[in-house]
Amino acid sequence: MSDDEYEVDGERIRTLPDLLGPGIRLLFVGYNPSVRSALLGHYYAGRNNRFWELLAAAGLTPRRLAYGEDALLPGLGIGITDLVKRPTRAAHQVTPAEFRAGAARVRRLVEELRPAVVAYNGKGVYLRAAGVARAPWGLQETRIVPGVADFVVPSPSGLARIAFAEKARWYAELRRVLDALARPRTFRRARAG
């Protein structure tokens, strides 16, 4: 079995590769791929997952993309990875050792990419990545990687018992923060005097 293949219910499944590219301004970090997403080869392919709808509602994408169009995101400055790359049917199947290794991998990835914002899809993802006991929704006071903002949005999963409007509000706030942090900087030329 290769490093990107895992056994799930006796079947070998290839995990999802990180969805990255040059100029990533926003990096989403999920828990780990669902078995359905891994089998289909696309992020957030769950039948009840609202990720693509939330991106569009917040204006992070120009329209509602289908999960099969996930490869378009890097061209929009958006990347996706997971805290743990092993696909599972439920997040509770991930081991503490996998979470620790995943947190270190995500930290290295963020240090390399230097996006303006890292958005964690769910408080649990951020708590595991940051090694903290509590975190509010939204922009975090502490940063896992200095100079890169950490932002926690509600999980887009249908299992997360938060109303769509509330989820959309946090995704819209994420866009506001991203727009504020990712604006191109202009420099004034000093006048010779």
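User: Which residues touch the most other members of the largest nonpolar core?

Analyst: This is a predicted model, in which local features need pLDDT of at least 70 and side-chain atom pairs count only at pLDDT 80 or more, while totals for chains, interfaces and linings use all residues. Residues are numbered from 1 along each chain as its sequence is written, and side-chain values use heavy atoms, with hydrogens and water left out. A nonpolar core is a set of buried Ala, Val, Leu, Ile, Met, Phe, Trp, Tyr and Cys residues joined through side-chain atoms within 4.5 Å; buried means under 20% relative accessible area, exposed over 50% and partly exposed in between, with a 1.4 Å probe and protein chains only. Within the largest such core, of 28 residues, those touching the most other members are Phe28 and Leu60.

User: Which element gives the largest share of this core?

Analyst: Elements are DSSP runs numbered from the N terminus, helices being H or I of at least four residues and strands E of at least two. Those giving two or more residues to the core are β3 (26-30), α2 (51-57), β4 (78-82), β5 (117-121), β7 (149-153) and α5 (164-181). The largest share is six residues, and it comes from α5.

User: Against which elements do the buried residues of α5 pack?

Analyst: The buried residues of α5 are Lys167, Ala168, Trp170, Tyr171, Leu174, Val177 and Leu178. An α-helix has 3.6 residues a turn, so residues three or four places apart point the same way. With contact taken as heavy atoms within 4.5 Å, the buried residues of α5 pack against β3, α2, β5, β6 (138-139) and β7.

User: Is Val117 buried or exposed?

Analyst: Val117 lies in strand β5. Beyond its neighbours within four places in sequence, Val117 is in contact with residues including Leu26, Val148, Phe151, Leu174 and Leu178. Because its relative accessibility is 0%, Val117 counts as buried.

User: What is the volume of the largest pocket?

Analyst: On a 1 Å grid over the protein atoms alone, a cavity is a set of points where a 1.4 Å probe fits but cannot get out, and a pocket is an open set with protein on both sides within 12 Å along at least five of seven lines; lining residues have an atom within 4 Å of a point. Grid points are joined across faces, edges and corners, and a volume is the space filled by probe spheres set on the points. The largest pocket is lined by 34 residues, with Asn32, Ser34, Asn49, Ser157 and Leu159 nearest its centre. Its volume is about 810 Å³.

User: Which element gives the most to the lining of the largest cavity?

Analyst: The whole structure holds one cavity of 30 Å³ or more, and the largest cavity has a volume of about 40 Å³. Its lining includes Ala103, Val118, Tyr120 and Asp150. Both α3 (96-113) and β5 supply at least two lining residues, but the most, four residues, come from α3.

User: Where is Tyr44 found?

Analyst: Phi of Tyr44 is near 50°, a positive value in a residue other than glycine. Tyr44 is buried, with a relative accessible area of 12%. Tyr44 is found in the loop between α1 and α2.
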